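Please read the points below with the model in view.

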Amino acid sequence: MKNLCHNLDIKAAIPGKVAKPISVAAFPRRLWFPTWTRQRKVSVSVSVSSIEEEKKVKMQCREWIESAAKSAFGFGVSASIFFSVFCHAPPQALAQSLTVAFPVSRAPEVNAVQRTLVEAWGLIRETFVDPTFNHQDWDMKLQQTMVEMFPLNSADAAYTKVSGMVSTLGDPFTRIISPKEYQGFRIGSDGNLQGVGLFINVEPRTGHLVVLSCIEGSPAARAGIHQGDELVEINGESVDGIDSEAAAQRLRGNAGTTVTVKVKNSGRSSYIREVKLPRECIKLSPISSAIIPHRSPEGQAIKTGYVKLSTFSQTAAEDMENAIQDMKNQGVHSYILDLRNNPGGLVKAGLDVAQMWLDGDETLVNTIDRSGDVLPINMVNGHAITHDPLVVIVNEGSASASEILAGALHDNGRAILVGHKTFGKGKIQYLIGRESRDNIKVEGETENFFSSGVIAHL
């Protein structure tokens, strides 16, 4: 089947005496998803500029209708697929519209996921960086997934279908987050969790789950798990093919319980060992600091402030400001900002931290959209807390917001950058919630507040 149009406008097609439709205003064009139980209608408008094009579009619509009707055959009276083709004549062009009612599940929880599916599909259609959607017909993907979801009986199974659709985009940082997963994401940004104290990530080149860092003093750190180690099994089950948040779900649990993992050592003599880890209540404090007294080459006593930022949580910027002010009050005149093994987090937190070291309206990061347009993110009336010398340390475990912060400070001439080549994420994600419709810039290594799945706090 062929794509009906290049610029879909999905809008309401609501029969009388139905519940108020749910509006999705998260992208420029409108998408309405009515909540009646028998049919789900989506109106698709196609603009054509000639009678010949009108005939061509009608033929494509007929092909789509026939194919969808075959797919829908046997769904029964509880759900149906309904198409209506109509047209009207605006001043400059003839608009061809197709109204489609997708099969609706009898299970209310699956029905709710169907609405989420349509919204996710529309958001990706409007904003995904690759306009070819990994060289596939994204419109057809919606129809195919809807049909596959119809016979399911649980929300978990339905979310699996949506995840499958999104995975065909070939981007590990774009994914659907179920309500259960979202709660896990909030753990990372709120600063508290019950788990083993690992930061893990899917290594883009191999697809393997690797350890980015361990929280100091955590069960994982005490067991000798190190950065670069590969996670092989959790409780006897292979982690091949699962993302970091799915692995995080397996590793988290109530304090006092245990989880058994198999880890492949990252050294030259790589070997697999099995470790039994107790789960504990872990406080994620993103900042640790110290004052280092020493003498200048001239023999003068001076103080250097050392700040270790482990993650960009909701409290990272506030904690950083307090640390800088405290050291400044104690006579510190130079600083070291340690971003080693910092997997990222909330992009906004990273940008807020950058503005504590920079003045004016400097560019913090440049983004490139699907059209290739460069979109800079600039400070607004930035006021640095201190102008004293600054060194930033990074390594292979520095990712996402860490890379943005380090790059902003280096490229604006504010800091000397030392260390090793960073992780190389190169993407910013948006966490878009169904409830609030708020767009929240986050890290890939996170999004969720440590998520889009890449990085998970375990």
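The points below concern helix packing and aromatic pairs in this predicted model.

1. Helix 2 (residues 108–127) and helix 3 have axes that come within 11 Å and cross at roughly 170°. Because angles over 145 degrees count as roughly antiparallel, helix 2 is described as roughly antiparallel to helix 3. Among the residues in this contact, Leu-117, Val-118 and Trp-121 belong to helix 2, while Trp-138, Leu-142 and Met-146 belong to helix 3. The contact comprises 10 nonpolar, 2 polar and 2 charged residues.

2. Helix 3 (residues 138–149) also packs with helix 4 (residues 155–167), at an angle of about 160° and with the axes 10 Å apart. Helix 3 is thus roughly antiparallel to helix 4, and their crossing is right-handed. Helix 3 contributes Trp-138, Lys-141, Leu-142, Thr-145, Glu-148 and Met-149, which meet Ala-158, Lys-161, Val-162, Met-165 and Val-166 of helix 4. Of the contact residues, 7 are nonpolar, 1 is polar and 3 are charged.

3. The model contains 2 aromatic pairs. In one of them, Phe-133 and Trp-138 are stacked, with 5.7 Å between centres and 15° between the planes. Both Phe-133 and Trp-138 are buried.

4. Tyr-335 and Trp-357 form an edge-to-face pair, because their ring centres are 5.5 Å apart and their planes stand at 75°. Tyr-335 belongs to strand 17 (residues 334–338) and Trp-357 to the loop between helix 9 (347–354) and strand 18 (363–368), so the pair ties together parts 22 residues apart in sequence. Tyr-335 is buried at a relative accessible area of 2%, and Trp-357 is buried at 1% relative accessibility.

Technical notes. Residues numbered from 1 in each chain as written. Predicted model: local features only at pLDDT ≥ 70, side-chain atom pairs only at ≥ 80, totals over all residues. Heavy atoms only, no water. Axes fitted to C-alpha atoms, helices over the stretch in contact; angles between N-to-C directions. Helix = DSSP H or I, 4+ residues; strand = E, 2+ residues; numbered from the N terminus. Parallel < 35°, antiparallel > 145°, perpendicular 65-115°, else oblique. Left-handed = near helix turned anticlockwise from the far one by under 90°. Contact = heavy atoms within 4.5 Å. Nonpolar A, V, L, I, M, F, W, Y, C, P; charged D, E, K, R; others polar. Phe/Tyr/Trp six-rings, centres within 6.5 Å; stacked < 30°, edge-to-face > 60°. Buried < 20%, exposed > 50% of the residue type's maximum accessible area, 1.4 Å probe, protein only.
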